[in-house]
Amino acid sequence: MVPHPTRRRFAPALLLPLLLACAAPLGAEVVRLKTGEAVKCRPIQARSDDRTVVLEDLQRGTIRSLAWEALEPGDRDRLQEEWGWKGRRLSTVKGWRLVTRVGDDEQEIYGVIEREEGGKVGVRRNGDIQVIPAEMIVERTEENHDPREVYSAPQLMDQLAAELAAQAPPTTLDSPDGRTAWRVAEYAEWVGALQQALEAYRRAAVDPEFLQRATAEQRALRVEALLKDQAAVATLRDLKVKLSSNLFKAVRAGLEGFDAKHPGASEAVVKARDAFKAQVAQRRDKYFRQMARYEFARKICRKLIEAKVREKDITLSDVRSWVKRDLPNEAFAALAERMGKADVVTPEEVRGWWDTRWEGVLKSSWSRAGYGGGTFIIHKPQIAPPKPRNSGGGGGRAGGGGNAGPAPVIPIPKPPTADEWWAKAPTSERASWVLAHFVVSSQLFEVSDDVDRTPCILCLGHGIITKTTQTGELLQYLCNRCGGARDDVAVKFR
């Protein structure tokens, strides 16, 4: 039978792809992960939040929840831009970590420096300016901060208003445009300006051209519930302020008593509380890792070593035994005591923070600890003692054959032994030697294969000292400071 000329039959090989294409859900796209995987999916904005993005994996037929950091930056930024999250999610402000000292008391202050004048530094934190005498600041480290720890909610909303006014065409916080209202609402909810968030979500929900109207209505109901729980929200906000100052004990106490203080809190408040708990855990880990990086070797170990080498009649052998047997435990106990001023910590946590001290941050420059004049104890000299030499002059009778007598004996300085060096070395050189020895032998540190070398200050790096006596005799001997090691070696560690 001949087919009708106006009818066309689809070959089976062409029909299946067409059916699959027709069956593909709307909104499907490809999201690339840093692992190299390309996920054909439908991103679900309503179920995503500041930390995670939820994807409906169309190939696996599953729902996947991933950290935003797992996505390729281009796809991450594109999604956040489409959802109006760009500039909110992952936003940080450049600031500082300042360490102030009054006597023996040190305090860490995090914020943005807004002015320096008249010997005083103005730091914005928690929405206010804290003025600190510059002479009290003993350390400065650049840090990126969550804007909510630096500015108040009204200040952040004013910043958003300025940003909207500067764009083309300019708009305002109370714009009826659904897309703009959605952006304002999410930002306002993020910073804690709940009344503004509610009003903006409602504007987005009534814009007929805005595709996320239903989600906006749901968000409005959620924020409305939060507003009804104003006391609970105020408690969380107060705890967030305490967290920004790293007052972990106060935050812990507040969270432990939260349920008793606010019984029957709404589901939205419970979710906010749980999200805050996760934030506390993350901030706590970051804070104590940083403390481990900055204080374990630079302050705690140095202080313990300096005290040990000052002990009366302490020998090098005593110190080396102490470094191997006791110093690690004493140092971690001291670190735990220091951390315990900020929060209750366990020995396991303290050691874990030290082991993961570089997690999530770029490694800083190397610290140094030198062996000084005691380098020969660790780096054995390769130079053999020189053989005695003389001027070759005969030594017989002088002038008319008079007997000049035997040549005077010239004492040759000998290289020091380890104990002799230790007995004469100044306290600072002893302490530096012990720290270098501890760094290399303890296996607690990352030690560079590249050591610093400085020529010995006595032999200028030759390892041998040469002198000519009054009788013309050439005298050579191993340097009585470095023992032929030539250089003072310093290890680099972090």
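Which exposed residues does helix H13 carry on the face turned away from its buried side? In this predicted model, that face carries Asn-329 and Glu-337. Helix H13 runs over residues 327–340, and its 14 residues reach 20 Å from the first C-alpha to the last, close to the 20 Å expected at 1.5 Å a residue. Its buried residues are Leu-327, Pro-328, Ala-331, Phe-332, Leu-335, Arg-338 and Met-339. Because these residues cover an arc of only 125° around the axis, they lie on the same side of H13. What covers them includes helix H11 (267–309), helix H12 (316–325), helix H14 (347–355) and helix H17 (427–442).

Arg-351 itself is partly exposed, with a relative accessible area of 36%.

Arg-140 pairs with Glu-116, with 3.0 Å between the closest N and O atoms; because Arg-140 lies in strand E9 (residues 137–145) and Glu-116 in strand E6 (residues 105–117), the pair ties together parts that are 24 residues apart in sequence. Both partners are partly exposed, Arg-140 at 36% relative accessible area and Glu-116 at 47%. The side chains of Glu-189 and Arg-222 likewise meet in a salt bridge (2.6 Å, N to O), which links helix H5 (residues 178–191) to helix H7 (residues 213–228) across 33 residues. Finally, Glu-37, Asp-57, Arg-60 and Arg-64 are linked in a network of salt bridges.

Methods. Residues numbered from 1 in each chain as written. Predicted model: local features only at pLDDT ≥ 70, side-chain atom pairs only at ≥ 80, totals over all residues. Heavy atoms only, no water. Helix = DSSP H or I, 4+ residues; strand = E, 2+ residues; numbered from the N terminus. Expected span 1.5 Å × (residues − 1). Buried < 20%, exposed > 50% of the residue type's maximum accessible area, 1.4 Å probe, protein only. Arc of directions from axis to C-beta. Contact = heavy atoms within 4.5 Å. Salt bridge = Lys/Arg side-chain N within 4 Å of Asp/Glu carboxyl O.
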